[in-house]
Amino acid sequence: MDSNEKKLEFYGGTWVSFLPFIVFLSLIVLTTFIWGSISDGALWIPAFAAILVPFFLAKDKTQYANVVIEGMASKEAIIPVVCWIFAGVFSRVLRMSGLADGVAGVAASLGVGSITFAVITFIASAILATASGTGFGTIAAGMGVLYPAGVALGGNPALLAGAIISGAAFGDNLAPVSDTTICSATSQGVDVPGVVRSRLKYALTAGVLTIGCIIIYGMVTGSTEGSAIEYAYNAKTLSMFIPVVATIFIAIKTGDIIIATTVGTVVGIVVGCGFGLFDFIQIDVANPEVPAIISVYGEGLDRTVDGVIYTGINSMLQVCILALLLFGSINIMRRGRGDVMLLDSLGKIAKTPFSAELTISLMVIVLSGLMGLNAPAILAVGASFAKPLSRKHGISPYRTANLMDAQSNTLVYCLPWTPAMIYTLGFAADGAAPLTALQIMPCVFYCYVMLVVMFGSMILGIGRKDYMDKLPEEMKAEYEAAQSL
């Protein structure tokens, strides 16, 4: 938060700025876990109530209203909403083309069972996310193609969704073009390539352990491996790999999910219509043989414009509204300076190199978990808290960057209110196997494994002196000055 911005004051003090999260989580437990609902209302009502309740404790009601609007209208809120709309249309084009059935048919004919397919899903998602640097783009592609294909093969839906999110988190952590990689490196004043090289040992270890967890979970839950079987599918659907490849290529080249999904959507429509998988437009067609990009039907006031584009946008409605409401809550915490109080409280426990690393980890984990955002958490912690702590205790800036990045890609990908989880639920909700956050959470193995890996490295002191001998003389002098205080 800009230090010049007026603090949002509450009756009851600064800690009241966390009330939106308390209200939201309490009602989520009620509507989702106790009442067992996955409807729009099960998420929208808790998110709206989270903004409504603290209003009565705000000293300046006008300022409170403006803070909510600022949060909803912020670039941090609008960018994912726009990305989700474009990704939703692209994913719908792939889904309604029948590509998932094609993938499932090929996998079945090769004898790929559900456990192996779940492992392939994780590896493919990890590669895509590492190459493109986009976790959301990876989730869109995975939930649009790999998820329904895996379900068609008899796979565990929650395990497949968890594998896709895990791959997205892996890439977000490791990708050189990821915003978290860039933020963590620049906040410590070190180069991105060096940071990526030094974090390979953590990411690859967590990746291998994640594969092991997927296999064990699949075996325990009764998933199967099988021989080649017959699975009916239209071979023409495999042509839709053309827009998939085009989208991945553009995402790698530009790092922009909107550009990539725009190109992918256009190429998908052209290829799909060319191979007869879609009609471009249908007017008053009863029982159409194939879906239409645009369809018109009905009479009078019930005259309706529908089709693939419309349903793709509509499928993202829940997550977009929810995100806007949640960003309003996030801004309440920021402008109430609850995040600053939290970081100040955690910063008091750092007395040794281990406790300094523990403090940095807790700062990033708690803040990113509350906000559902990892890059802003790194920015909040990096320069102001992590940098001076690491210099005071002689911890390599590369290690500090890796610590923040890895920890910021753990709970932020698996908690029920985070954009990544909500995004995944949005794709699953209108598919053949809708899910709840409670079902997916235990299966996002990479998040939990990475926590274990990083805390293990902290206990053992692994990486604490990474590349210290390669630091420029000016930075070495900063370390000497900080440790002499």
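1. Which helices each supply at least two residues of the lining of the second largest pocket? They are helix H5 (99–109), helix H6 (114–132), helix H7 (135–152) and helix H11 (241–254). Helices here are DSSP runs (H or I, at least four residues), numbered from the N terminus.

2. On the basis of the note: this is a predicted model, in which local features need pLDDT of at least 70 and side-chain atom pairs count only at pLDDT 80 or more, while totals for chains, interfaces and linings use all residues. Residues are numbered from 1 along each chain as its sequence is written, and side-chain values use heavy atoms, with hydrogens and water left out.

3. The second largest pocket holds about 410 Å³ of space. A pocket is an open set of points on a 1 Å grid where a 1.4 Å probe fits, with protein on both sides within 12 Å along at least five of seven lines, and its lining residues have an atom within 4 Å of a point. The lining has 23 residues, and those closest to the centre are Ala 124, Val 145, Leu 146, Phe 241 and Val 244. H6 gives the largest share of this lining, seven residues. By class the lining has 20 nonpolar, three polar and no charged residues; Ala, Val, Leu, Ile, Met, Phe, Trp, Tyr, Cys and Pro count as nonpolar, Asp, Glu, Lys and Arg as charged, and the others, Gly among them, as polar.

4. Helix H10 (residues 192–220) packs with helix H21 (residues 445–460) at an angle of about 135°, the axes being 9 Å apart. H10 is therefore oblique to H21 (under 35 degrees is roughly parallel, over 145 roughly antiparallel, 65 to 115 roughly perpendicular, and the rest oblique). The crossing is right-handed. Among the residues that meet are Tyr 202, Ala 206 and Tyr 217 in H10, and Phe 445, Met 450 and Ser 457 in H21; contact means heavy atoms within 4.5 Å. The residues of this contact comprise 13 nonpolar, four polar and no charged.

5. H10 also packs with helix H18 (residues 397–408), at an angle of about 60° and with the axes 9 Å apart. The two helices are therefore oblique to each other, and H10 passes H18 in a right-handed crossing. In H10, Gly 194, Val 195, Ser 198, Arg 199 and Tyr 202 take part; in H18, Tyr 398, Arg 399, Ala 401, Asn 402 and Asp 405 do. This contact has four nonpolar, three polar and three charged residues.

6. H18 and H21 pack at an angle of about 150°, with axes 10 Å apart. H18 is therefore roughly antiparallel to H21, and the crossing is left-handed. Arg 399, Asn 402, Leu 403, Ala 406 and Gln 407 in H18 meet residues of H21 including Met 450 and Phe 455. The classes here are seven nonpolar, three polar and one charged.

Technical notes. Axes fitted to C-alpha atoms, helices over the stretch in contact; angles between N-to-C directions. Left-handed = near helix turned anticlockwise from the far one by under 90°. Points joined across faces, edges and corners; volume = space filled by probe spheres on them.
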